[in-house]
Amino acid sequence: MTNKESDEEMKMNMEKEKSRSESELSGNDRTARIVELERQSVIQTYTRQPILLVKGAGARVWDAEGREYLDFVAGVAVNTVGHCHPDVVEAIARQAKELIHTSNLYYTENQVFLAEELKTLTGMDRAFFCNSGAESVEAALKLARRATGRSETVAAVHSFHGRTLGSLGATYKAVYREPFRPLQEAKFVPFDDPEALAAAVSKDTSAVILEPVQGEGGVNVPHPGYLRAAREICDDSGALLILDEVQTGFGRTGRWFGKEHSGIMPDVMTLAKGIAGGLPMGAMMAAESVSEVFQRGDHASTFGGGPLISAAALASIGAIKVERLVERSEKMGTYLRSRLAQEIDAREVRGLGLMVGVELAANCPQIVNQARERGVLLNATSEHVLRMVPPLVVGKEEIDHVVKVLGEILEEP
C-alpha cells in the first residue's frame, strides 16, 4: 500500500468513526453540537430558533429530539406544496441522475418548458431566471432603468424587496439600509394611498415597485382599487409598474398571483419562494415591450433556471394544479381567519388566502417562543404582528390545533 493510499484509508476511517459517533449522540447533544458549530463557523446574521430540524412532511416538521411541529412558517412562505412533496422529490431524483448543471451557455429543456408554463400562468411574455427573490428584484430594477432611461424608484412604506444593495434601496426598514448607505434609495410613500403615490411619481421615475400584499411589513392588504390606481399612475408618467410577487405568488393569496385580486397587469413581476417546491429559485417576468430592451450580456445568472431546479419547479406547479391548492388556499385561508377572529382576542386579523397576519396587544416574539414549546412554529414580523403562511396542503384539524394553542397562550396570566 502506498503512502497516498494509506492516508486516504485513514481519512475514510476517521470519517466513518465521526459519522458513527454523531449517530450515537442523543437528540439534545446533537442539537447542542450543531448550535455550537454554527456559532463557530457561520457568519452570525440570523437569529435562529433553538431547534434542529431534521425531517419534514406536508405541514409538519420534526427536530433531532423527535418532537413534531405544525409548521405555519413554511420556510417563510416557500414550502407551498408542503415539505418533501413526493412529486417534487421524484422529479429532483430523476433529473439528478441525468443532468444537474450546465450554465446558461447551452440550451436545456426544463428551463424552456418552465418559461412557457410561467408565461401561461402570469400572462407575461418573457422570463429571466435567477436564484432568489432579491435577485429577481435586482433584475427588475435594472430592466426598468434600461427601458426608461431613468434612475428613480418609488416604493411603499413598510415594503420589503430584499437585502442586496439594489433591492435594499427599495426596502423600507431604515435599520436594514442605514449601515450600507449611500444607496440608490427609493422614494417611500404610504402603502394603499393612491394620492401619495401619484404625488411621488415624476418624469425621473423609472419604476413603482409594490407588493400586492405586504408580507414582512405585517401582511398589509390594500383596497382593491389601489393597484389599479398604481397602474394608471405609471401609464400616465411612463414609469414601469413592478409587482413583487415573491411572497404572494403560486397560490399563497388564494389566487395564482396577488395581482389577480385587482385585475391588472404589471410591466414586470418578480417571483421566488413558492416557485420550486423548496429549492432556491427566482424569476423575473416581463412584458414583451419591456423585456426586449435587455441586450445579450446586459444581465446573467450562472445557476438561473438550471435543469435540476427547473424540474423541481415544474413538479411543484404540477402539484398545485392537480391538488387544486390555489382553491384550497382560499378556502383554508378563509377558515383560518374566521377561526382566529372567533377564538383570539386580536386587534385585527387580516390577509388573503393562506397569507394571514394577526395583530395582538401581546409581545409576538415571546408568543413565537411559547408556541414552539407547544409544537407550533409561528413567525413574528414585528412586536405585535404574527404572520401565518402554512403550506397550502394544511387542513382544518391542523388549523384548529394552532388556533387552540395560540388561544391558550394568550389566556395565560
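Seven strands form an open sheet with mixed pairing, in the order S4-S10-S9-S8-S7-S5-S6. Strands S4 (126–130) and S6 (187–189) are its edges and have a single partner strand each, so one side of each lacks a neighbour in the sheet. On average, neighbouring strands of this sheet are turned by 20 degrees against each other, direction ignored.

The model is predicted: local features need pLDDT of at least 70, side-chain atom pairs count only at pLDDT 80 or more, and totals for chains, interfaces and linings use all residues. Residues are numbered from 1 along each chain as its sequence is written, and side-chain values use heavy atoms, with hydrogens and water left out.

- Strands and helices are DSSP runs numbered from the N terminus (helices: H or I, at least four residues; strands: E, at least two), and two strands pair if DSSP finds at least two bridges between them.
- Strand S5 (residues 152–156) pairs with S6 in the parallel sense, over three bridges.
- Val154 stands opposite Lys187 in S6.

- Helix H5 (residues 109–122) lies across S4, strand S9 (268–271) and strand S10 (282–286), and runs at about 125 degrees to S4.
- Angles run from 0 to 180 degrees between N-to-C directions, and axes are lines fitted to C-alpha atoms, for helices over the stretch in contact.
- Helix H10 (residues 224–237) also packs on the sheet, where it touches strand S7 (205–210) and strand S8 (240–244); contact means heavy atoms within 4.5 Å.
- The direction of H10 makes about 150 degrees with that of S8.

**Helix H4**

- Val88, Ala91 and Gln95 are buried in helix H4 (residues 86–96); buried means under 20% relative accessible area, exposed over 50%, and partly exposed in between (1.4 Å probe, protein chains only).
- Seen down the axis of H4, its buried residues fall within an arc of 65 degrees, so they line one face of the helix; the arc is that of the directions from the helix axis to the C-beta atoms.
- The cover over the buried residues of H4 includes H5 and helix H12 (307–322).

**Four-stranded sheet**

- A second open sheet has four strands in the order S11-S12-S15-S14, with antiparallel pairing.
- S11 and strand S14 (379–382) stand at its edges with a single partner strand each, so one side of each is left without a neighbour in the sheet.
- Neighbouring strands here are turned by 25 degrees against each other on average, direction ignored.
- Strand S11 (residues 348–352) runs antiparallel to S12 and is joined to S12 by five bridges.
- These two strands, S11 and S12, form a hairpin with two residues between them, and Gly353 in the turn has a positive phi of about 55 degrees.
- Leu352 has Met355 in S12 as its bridge partner.
- Four of the five residues of strand S12 (residues 355–359) are buried, so S12 is largely enclosed by the rest of the structure.
- S12 pairs with strand S15 (residues 385–388) in the antiparallel sense over four bridges, and Gly357 stands opposite Arg387 in S15.
- S14 and S15 run antiparallel and are joined by three bridges; Arg387 in S15 is the bridge partner of Asn379.

**Helix H14**

- H14 lies across S14 and S15, running at about 175 degrees to S14.
- Its buried residues are Cys364, Ile367, Val368, Ala371 and Arg372.
- Seen down the axis of H14, the buried residues fall within an arc of 135 degrees, so they line one face of the helix.
- They pack against strand S3 (68–71), strand S13 (376–377), S14, S15 and H15.

**Helix pairs involving H15**

- Helix H14 (residues 364–373) packs with H15 at an angle of about 120 degrees, with the axes 10 Å apart.
- H14 is therefore oblique to H15; angles under 35 degrees count as roughly parallel, over 145 as roughly antiparallel, 65 to 115 as roughly perpendicular and the rest as oblique.
- In this pair, Ile367, Gln370 and Ala371 in H14 meet Leu406, Ile409 and Leu410 in H15.
- Helix H13 (residues 325–343) and helix H15 (residues 396–411) pack at an angle of about 25 degrees, with their axes 10 Å apart, so H13 and H15 are roughly parallel to each other.
- Residues of H13 that meet H15 include Met332, Tyr335 and Leu336, and those of H15 that meet H13 include Lys396, Ile399 and Asp400.
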